[in-house]
Amino acid sequence: MTHPPDLGTPTTFVLLRHGETPLTPQKRFSGSGSGSGSGGAAASDPPLSDTGRQQAERVATTLAARGTVQAVEAVEAVVSSPLTRCRETAEFAAARLNLDVRIEDGLRETDFGAWEGLTFAEVRERHPADMNAWLASPDAAPTGGGESFEAVARRVTAARDRLLAAYAGRTVLVVSHVTPIKTLVRLALGAPPESLFRMELAAASLSEVAYYADGNASVRLLNGSASR
């Protein structure tokens with residue numbers, strides 16, 4: 001009888017999207033660029049709202065309980081995007097876990113260029129050709145020098161590889177944004193870029209990917225809720 005190779009303990013990323021900001025319920029583009037839309041710099045780096053802070057506190061409680069659940073690995077490190085909404089969310093969890101927060105610039109959200117602060121409908125009205133191109137190709141960038149999905153995938157991949165090297169065999173809380181988290185899930189699944197539009201990722205949701213020594217990955221959770 002042939003047995004599978006012993007690949008050891010996987011490196012597990014517990015992927016946490018930041019809590020709500022004032023822009024989240026309005027569904028406005030909120031990335032990492034300075035932007036020239038109706039929100040500008042405020043759209044790209046807003047703080048958590050009161051609701052977002054409550055969400056971050058709830059998910060911190062859930063994460064603190066991980067190590068007490070049989071066969072679920074406790075979080076051993078916390079890594080965050082440099083943007084305010086992620087750092088604030090990460091600090092709630094780190095305080096409950098008695099851990100420090102490490103900042104990883106590669107986890108920041110997409111630079112949405114001139115679309116920062118605008119709704120999808122507003123972008124469709126003002127920049128229809130650019131919006132259609134962006135929806136059709138991962139190489140197309142938002143208006144005004146934003147990042148394409150392909151550019152985001154390259155920097156997220158580099159950040160992933162740095163974290164895998166630094167935390168081999170450990171469980172890491174990775175606090176980030178919609179596009180980076182969906183990209184990590186997409187890459188783990190070997191799915192095409194258009195799959196980004198077919199994933200739901202709520203504010204303060206949890207996803208999980210395990211990475212094995214042979215280079216394979218397994219998606220264990222997508223868009224989980226701390227309230228469940």
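The stops below cover a helix, a pocket, the nonpolar cores and a single residue. The model is a predicted one.

**First stop: helix α7**

Select residues 178–189, which form helix α7. At 1.5 Å a residue, these twelve residues should span 16 Å, and the end C-alpha atoms are 17 Å apart, which agrees.

Is this helix enclosed or open to the outside? Nine of the twelve residues of α7 are buried, so the helix is largely enclosed by the rest of the structure. Colour T179, P180, I181, K182, T183, L184, V185, R186 and A188 to display these buried positions. Next, show β1 (11–17), α6 (149–166), β4 (171–176), β5 (206–211) and β6 (217–224), which are among the elements that cover them. Just after α7, select G190, which takes a positive phi of about 70 degrees.

**Second stop: the largest pocket**

Select R17, K27, R28, V178 and K182; of the 27 residues that line the largest pocket, these are the closest to its centre. The pocket holds about 910 Å³ of space. By class, the lining consists of 14 nonpolar, six polar and seven charged residues.

In soluble globular proteins, nonpolar side chains tend to be buried together. In this model, the largest nonpolar core has 20 residues. Select F13, L15, V172 and V174, which have the most contacts inside this core. The elements that each supply at least two residues of the core are β1, β2 (77–80), α6, β4, α7 and β5.

Centre the view on F13. Which residues does F13 touch, beyond those up to four places away in sequence? They are R160, L163, L164, V172, V174, S207, E208, V209 and Y211.

**Last stop: D130**

Select D130, which lies in helix α5. Its relative accessibility is 32%, so D130 counts as partly exposed, a class that lies between the buried limit of 20% and the exposed limit of 50%. Leaving aside neighbours within four places in sequence, D130 is in contact with W115 and T143. Finally, draw a distance from the C-alpha atom of D130 to that of G144: the two residues are 14 residues apart along the chain, and these atoms are separated by 9.9 Å.

Conventions
Residues are numbered from 1 along each chain as its sequence is written. This is a predicted model: local features need pLDDT of at least 70, side-chain atom pairs count only at pLDDT 80 or more; totals for chains, interfaces and linings use all residues. Side-chain values use heavy atoms; hydrogens and water are left out. Helices (H or I, at least four residues) and strands (E, at least two) are DSSP runs, numbered from the N terminus. The expected span of a helix is 1.5 Å times one less than its number of residues. Buried means under 20% relative accessible area, exposed over 50%, partly exposed in between (1.4 Å probe, protein chains only). Contact means heavy atoms within 4.5 Å. On a 1 Å grid over the protein atoms alone, a cavity is a set of points where a 1.4 Å probe fits but cannot get out, and a pocket is an open set with protein on both sides within 12 Å along at least five of seven lines; lining residues have an atom within 4 Å of a point. Grid points are joined across faces, edges and corners, and a volume is the space filled by probe spheres set on the points. Ala, Val, Leu, Ile, Met, Phe, Trp, Tyr, Cys and Pro count as nonpolar, Asp, Glu, Lys and Arg as charged, and the others, Gly among them, as polar. A nonpolar core is a set of buried Ala, Val, Leu, Ile, Met, Phe, Trp, Tyr and Cys residues joined through side-chain atoms within 4.5 Å.
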